[in-house]
Amino acid sequence: MSGLEKTPPTLNKPTHSRSSSTASSHWEVMDDLQVEMVSGDNSQDLTIPGICEGYLLKRRKWPLKGWHKRYFVLETGILRYSKTQQDITRGKLHGSLDVGLAVMSINKKSNRIDLDAGDVLYHMKVCPRVPKRSESKHTWTHTCSVRSLLLMLNVNFFIFLSLSVHASLKSVHDALAQERQRLQDTYHQSTTLAEVRVYAFMETGLVYEMCVFICVRVLFLTDCLLGCLSRGVLLFYRASISKTPNSVVPKNTGRRTTLAAHCPDNAQVGLMQILYNNIGKDLSRVSMPAALNEPINLMQRLCEELEYSELLDTANNTQDPYQRMVYVGAFAISGYATAHYRNRYKPFNPLLGETYECLREDKGFRYISEQVCHHPPISACHADSDNFSFWQDQRWKNKFWGKSLEIMPTGMVNVTLPRFGDHYEWNKVVTCIHNVLSQQRYLEHYGEVIIRNLNGNACTCKITFVKSRYWGSDTNKNEVQGTVVDQTGSVIHRFGGLWHEGIFCDTLPTPQCIWKPNSQPKDYYLYYGFSSFTLELNELTPGLKPLLPPTDSRLRPDQRMLEEGRVDDCDKFKEEVEDMQRERRKQLAKKGQEYIPRFFKKAMDSSGRDVWLTNGTYWKVRENPGFANTHNLELW
């Protein structure tokens, strides 16, 4: 695999840069895009690259595993890439990035470079080029190291490169103009038919070039037209959704509608230093100040995905398998809606052995979750109702890349519908919080969700969470598109909209809005952006407390302190709780033992993946003999 190759050097100009380094992770954040100098004679050999181009490895956006081989071109500060050099030449780009606006982090040990421009995030890997057997040992080859890439990305040279490119283009333009004038003069001076034919042949070459230019423009305009059509469909969906009342009016549950205290102002928290000290690391293992948390944890976040469980109730009562898939697809999308208002705080990380139950008679389901593993952190959950069963175990990786924070779930979601024996399974997409360190912070989901029925092959659903475009308007953010296809690949149903506004399906017998989120409660911004459903998750009613195991999240003191606005007390107790967890792990390690979850068991699914399934004991123990009469972990 060859690295970026550069044109011959044109200027020698050594520069200097600073970097903030985290030795434990081998990542460095470059404060500017200048090249770090080294002592010794080699420092005088640093030269300015011209147009840099060649193959690099770029991390896949989906399925988040492996790397693509992509052709990159760096010219006048703009990094462009596509599948091949020919695609770039034809103007068929996969993406581009203004390097001067990006935060760059490097890992010299693994030959990694990450460029984060807020709206665009590239993960790249440099590989040395191995000479082919057919090449002579004297053939020049360019090994692209992280150091040489830093040189190529040096922003101090971009002004010089811009002037060089401008001069080159101007010279080409002048040469073509002179050649065309010479041909015209030759034509007027021609005295024989042969000379005229020669001129015509040469003129045809210029006409051919013009035709190529016109074809490129036609392709560009075609893409624009298709984009306009897509936007037109989205506008139609949004207009139809806005006119549709909520399909399910939330019932008055008699539960709380506010929290005991407003969310704290965390603007003064040193988030920048925390994140930059952990660049490229998994943030799920990093302890954060309490002011950055919201008073629910990751297991309760999983329960939030059941806020619109009525979609599964509808699916279980829909005869047509293709329409059933549409409702399952809408349910998969609905679980992302609450995130639209939740980009300022993070949930608590559950302790190993911590549990959470949610019994919703108004919605007809009961839910249980347990933290079954600490490294890596894994939350397992299971919910039952007369119309469906729902379970998943999720592993999250959170990584900060300079301006953006990526949250990458790796588990699969499962739903069964008892009436038809269907077993649906699907993946989750990436969640990214852009501009983490600024007031213009926003959140988006992107990637593809594939829903399959493991007990039938009548249809498959593909849902695309569209990544917002740098030049797109706010009205096009959060777009989602879905199709249901049969065994032959023919589209049976098509639906779409915005994942925070609703989903419209225009291929049902009666085109309709199939899902629309509930309105946010009054003053939701003062209460962490919680929905009405989320506000109730951590509520501890008098009649419920005696029935819960002492490991339930509602009884966790530091989380309750934050909910009550006691941020300083929360910080102190949170540290104590985490120390107690570390001590329990040490004691188990000394005995050569591993933690065994109480309510879930490890198994293997049909694809050979490790999964955590309920062992069916929680609700039985709750009923008889009751958790007060059993041995329980002491977590806090």
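Ring pairs link Phe599, Tyr618, Trp619 and Phe627 into a cluster; rings of Phe, Tyr and Trp (its six-membered ring) are taken to pair if their centres lie within 6.5 Å, with planes under 30 degrees apart counted as stacked, over 60 as edge-to-face and the rest as tilted. The model is predicted, with pLDDT of at least 70 needed for local features and 80 or more for side-chain atom pairs, whereas totals for chains, interfaces and linings use all residues. Residues are numbered from 1 along each chain as its sequence is written, and side-chain values use heavy atoms, with hydrogens and water left out.

By the ring-pair rule, the count comes to 15 aromatic pairs. One of them joins Tyr55 and Tyr71 in an edge-to-face arrangement, 4.9 Å centre to centre and with 85° between the planes. Tyr55 belongs to strand E4 (residues 52–59) and Tyr71 to strand E5 (residues 67–75), so this pair ties together parts that are 16 residues apart in sequence. Helices (H or I, at least four residues) and strands (E, at least two) are DSSP runs, numbered from the N terminus. Tyr71 is buried, at a relative accessible area of 8%; buried denotes under 20% relative accessible area, exposed over 50%, and partly exposed the range in between (1.4 Å probe, protein chains only).

Lys69 is placed over the face of Tyr55, at 4.4 Å from the ring centre. For Lys477, which lies over the face of Tyr442, the distance from the ring centre is 3.9 Å.

Strand E4 also holds Arg59, a buried residue with a relative accessible area of 15%. The side chains of Arg59 and Glu406 are joined by a polar contact of 2.9 Å (a pair of N or O atoms within 3.5 Å; within protein, one must be able to donate a hydrogen and the other to accept it, and residues adjacent in sequence count only if both atoms are side-chain atoms). When neighbours within four places in sequence are left aside, Arg59 is in contact (heavy atoms within 4.5 Å) with Gly66, Trp67, His123, Trp401, Glu406 and Met408. Phe72 lies in strand E5 and is buried, with a relative accessible area of 0%. The C-alpha atoms of Phe72 and Lys58 are separated by 9.7 Å, the two residues being 14 apart along the chain.

In soluble globular proteins, nonpolar side chains tend to be buried together. A nonpolar core is here a set of buried Ala, Val, Leu, Ile, Met, Phe, Trp, Tyr and Cys residues joined through side-chain atoms within 4.5 Å. The largest such core has 65 residues, and Tyr367, Trp426 and Ile451 have the most contacts inside it. Helix H8 (residues 321–334) supplies the largest share of this core, eight residues. Apart from neighbours within four places in sequence, the contacts of Ile451 include Met325, Val328, Gly329 and Ala332, as well as Tyr424, Glu425 and Trp426. A second, separate core of 18 residues includes Tyr81, Ile106, Leu115 and Met124.

The chain contains 12 helices and 28 strands. Of its 636 residues, 47% are buried. Among contacts between residues at least 6 apart in sequence, 59% join residues at least 24 apart.

Most residues other than glycine have a negative phi, and most peptide bonds are trans. A cis peptide bond, with omega about 0°, joins His375 and Pro376, and Pro376 lies in the loop between strand E14 (365–373) and strand E15 (378–385). The bond from Asn624 to Pro625 is also cis, with omega near 20°; Pro625 is placed in the segment after helix H12 (618–623). Asn111, although not a glycine, has a positive phi of about 55°.

Conventions: A charge sits over a ring if NZ of Lys or CZ of Arg is within 6 Å of the ring centre and within 35 degrees of the ring normal.
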